[in-house]
Amino acid sequence: MIDPHPAVWARDLAKTFRVPEREAGVLAAVKSLVHRRMKDVAAVKGVTFRLEPGEVVGFLGPNGAGKTTTLKMLAGLLHPTAGQAAVLGHVPWKRERALLSRITLVMGNRNQMQWDLPALDSFALNAAIYRLPPAEFARTRDELIDLMGVGELVTKPVRNLSLGERMKMEFIASLLHRPQVLFLDEPTIGLDVTAQRTLRQFVAEYNRRTGATVLLTSHYMADVTALCRRVIVIHHGSLLYDGDLAGLGEQFAAYKTLGVTLDGADGAVAGVDWAAFGEVVATDGAKVTIQVPRASASAVAARVLSELQVADLTIEDPPIDEVIARVFAAGAATAAAGTDGDDVATPSVVEPAATSTA
Amino acid sequence: MSIFRLAAAHWRVNALNELQYRVNLVVQLFQSLIALATGLIGLSLVFRQTDDLAGWSRPELLAVMGVHLLMGGIIQAVVQPNMQRLMGDVQNGLFDYSLVKPVDAQALSSVRELRIWQVVDVLVGAAVLAVAVVQLDARVGVGQALWFVVALVLGALSIYSFWLILTTGVFWIIRIENIVELFQGVYQAGRWPVGIYPPWLRGGLTFLVPVAFAVTVPSEAMTGRLTPQTMALAFGVAVGLMAVARGVWRLGVRRYGGASA
């Protein structure tokens, strides 16, 4: 056994895939029959982080950043090329029963339910695989069905359910054994807004009731903002950021947004030289929204208050989507400049506690 | 043992699934009858020319046919559908779910599917075998029947291991769909005792594709031709193939990269 705390940790975890490579065209295809050219692709280049028990952490990054590869290493599906990791005190890729019966993996675009049968039959199958005592299984199943609000759907064949309803069943099936660590890979992908919200509330409530640790990847920022106080950002296989979601804006947003509402008639807005304060991004009646460099936001706000007849003033970070887009753009620029993502600011990467890997 | 519990849980679900499609039973009955008829016609054609084929009498060859049908039923009911599903799962990434379950992934991947209507083939094979046994001059004792069951199990394990080794290739070469047709073609050769084939083909059907151990050896057990040496060889081949299959499986799983990683 390894130190059971934290719930999940990774140190210098890296994965390189060897993939065949060839030019387009018939000639290249024939050539590759005889001589196969292989190329190493570093999907994850040594990431280090730790998750405390009960944390819900968003794992962010553009497509191909290394999120899923990292998640799969932590779930024991992939052997890393280098580095160490532990989940609940176990080395995940040894795939010990003691670990696998306490974790779960939910993938948004993969279905594991029995297509032609009601979900209840798939639940029973999972109960047999996880060897759940019948009474405990029935109790957990009913609790999860109730929590998800799908009582009338579980007796319908899965093929007759909508995508959102099927995903709800996937979640119930995946949590019947009350896992302590949840790896959720794009669980809400392709779902409508209502289904997304239901799943978010479900995960939040499961986390509250059981104290489970959750590592979530999603391209929907609403998932992340609703569930995660902490985010880990990965790009080109390296960590760019690990810290509070709120801190992400402070770290990466170069500007703030000032919302200024003037006293008096709408015409008052037109008589002001806004360019002297910052860049105007929107005008709506008596309200003007301007962008100002982050460092001078307070000073500009003070000038606005002293020079203009202000009814209301707000200072905000830009929307999280924009911040994330900037983070990714920064990572891409760094990669294009020929440096490794590791050299980009990694403001609060937490070193795992000293542990042994016995 | 947990593998039986695992199989029982999955087979229950499979049965529930297939019971919804009764027409499959009719199709299967039809297929089995055609296989039975062509087999019997083949046998009668042979025995119109001769009274014995490489030392095998008519009822003995009928027994081989019964075992061939029976074993074919087992392969198509359990082995082949599981291996085909495994291939598909590795290709589309669903194999991830097999790896995160707290059970042996090889065991799980080997027992998930059951085509219950293929049981018709097993029953028809058993009936043909029973008729053959009645026609045999010598009585079949309990010991002989027991050896037959052991040989049948060893043969099935050999075939399963052979299939698994081929299927595990999917971890290296993504597309190997044609092995089903390849195997079925070779399996048809098992309709006759391997002793009737030329030595080079006999070797291939014994060690390359273990059809000899799946059909001929159990037939020998039933017809009183089995020698202890052959039985020991069948045991050795089954254990050896299972060990190789396990080793190749482990290598393959280690190499598995998932569909989207």
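Predicted model: local features only at pLDDT ≥ 70, side-chain atom pairs only at ≥ 80, totals over all residues.
1. Extent of the interface. In chain A, 30 residues are in contact with 31 residues of chain B. The size of an interface is often given as the accessible area lost when the parts come together. Between chain A and chain B the buried area is about 2900 Å², and carbon and sulfur atoms give 57% of this area. On the side of chain A, the residues that lose the most area to chain B are A:Leu77, A:Arg110 and A:Ile129, which together account for 21% of what that side buries.

2. Three salt bridges are counted between chain A and chain B. A:Arg110, already named for the area it loses to chain B, joins B:Asp96 through a side-chain salt bridge with an N to O distance of 3.2 Å.

3. Elements of chain A that touch chain B. Helix 2 (67–74), helix 3 (97–100), strand 5 (103–107) and helix 4 (119–129) of chain A each contribute at least two residues to the side that touches chain B. Helix 4 of chain A provides the largest share of that side, with five residues.

4. Nonpolar surface patch. A:Val26, A:Val30, A:Leu33 and A:Val34 make up a nonpolar patch on the surface, and their accessible area together is about 480 Å². A:Leu33 belongs to helix 1 of chain A, which covers residues 26–34. The relative accessible area of A:Leu33 is 73%, so this residue is classed as exposed, the cut-off being over 50%.

Methods:
Residues numbered from 1 in each chain as written. Chains lettered and ligands numbered in written order. Heavy atoms only, no water. Patch = residues over 30% accessible without salt bridge, like charges linked within 9 Å, V, L, I, M, F, W, Y side chains within 5 Å. Areas by Shrake-Rupley, 256 points an atom, 1.4 Å probe, with all protein chains shown as cover. Salt bridge = Lys/Arg side-chain N within 4 Å of Asp/Glu carboxyl O. Helix = DSSP H or I, 4+ residues; strand = E, 2+ residues; numbered from the N terminus. Buried < 20%, exposed > 50% of the residue type's maximum accessible area, 1.4 Å probe, protein only. Contact = heavy atoms within 4.5 Å. Buried area = accessible area lost by both parts, 1.4 Å probe.
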